[in-house]
Amino acid sequence: MVNYTLGEAAAAKLPQFMVKSVTGDVCIAASLDYETKPSYEFPVIATDRGGLSTTAMVKIQLTDVNDNWPVFYPREYNVSLREGGGGGGGSAVVVAVAATDRDSGRFGLVTYRIVAGNEAGLFRIDRDTGEISVARPDLLTNRTPLHHLNVSATDGGGLRALQDAEVFLSVTDPQSTPPHFQRTRYSLAVREDVPRNTIVGSVKATSSDSGRSSFE
Ligand SMILES: [Ca+2]
Ligand SMILES: [Ca+2]
């Protein structure tokens, strides 16, 4: 007659597993999560009536299941576009949306699709990278100055992000230019013990339109 137990240290650390003392069956005692811990290894001790014992190691390898939905971060994107798609050529990438999925392999592989707002085929998206570009620069005019796309993310197991990404694209007049910073890089030195609200420098951008911007 042999009695089976988890090693003492393992029993304290691993509430997920138990071993039946009479049969030696290894059972699940609490819920598992591949994303938190994909494998376990622990000793099982067999003891006979005379008190002699021996130890075997048990290794548990979990198999991933598709239990995570893709999640967009950020979920909203704002882009300004030049009329006629100028500035970098018509097929330049104007914005890239991004969703992540905690699963491994194809269950974590995200593909993107524009699901609303692109009825005229103005934009296209790279389904693997989420990069959005202008497919029809000739249709990009400020007679329709605002475009609103909904983008879905779906993983390789067919789970779709519960919330689509929203992309707001505004078409600006080719004459107007976006504000530009006086410098592209600012380096500021700050003592680590300065109190809150201390001004440590300032950044400044200027705009070509005469102070009053007509739209944000
Ligand atoms: Ca997934
Ligand atoms: Ca999983």
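1. Which residues does valine 151 touch, not counting residues up to four places away in sequence? In this predicted model, Val151 touches Val97, Tyr112, Arg113, Ile114, Val115, Ile125, Asp164, Ala165 and Val167. Two residues are in contact if their C-beta atoms, placed from the backbone, lie within 7 Å.

2. Residues are numbered from 1 along each chain as its sequence is written, while chains are lettered from A and ligands numbered from 1 in the order in which they are written. Local features need pLDDT of at least 70 and side-chain atom pairs count only at pLDDT 80 or more, whereas totals for chains, interfaces and linings use all residues.

3. The protein has one helix and 16 strands (DSSP runs numbered from the N terminus: H or I of at least four residues for helices, E of at least two for strands). Its radius of gyration, taken over C-alpha atoms, is 29 Å, well over the 17 Å from the globule rule for 216 residues, so the protein is more spread out than a compact globule. That rule is 2.2 Å times the number of residues to the power 0.38.

4. Of the 216 residues, 17% are buried (20 or more other C-beta atoms within 10 Å of the residue's own, all placed from the backbone).

Technical notes. A residue is buried if 20 or more other C-beta atoms lie within 10 Å of its own, exposed if 12 or fewer, and partly exposed in between; C-beta atoms are placed from the backbone.
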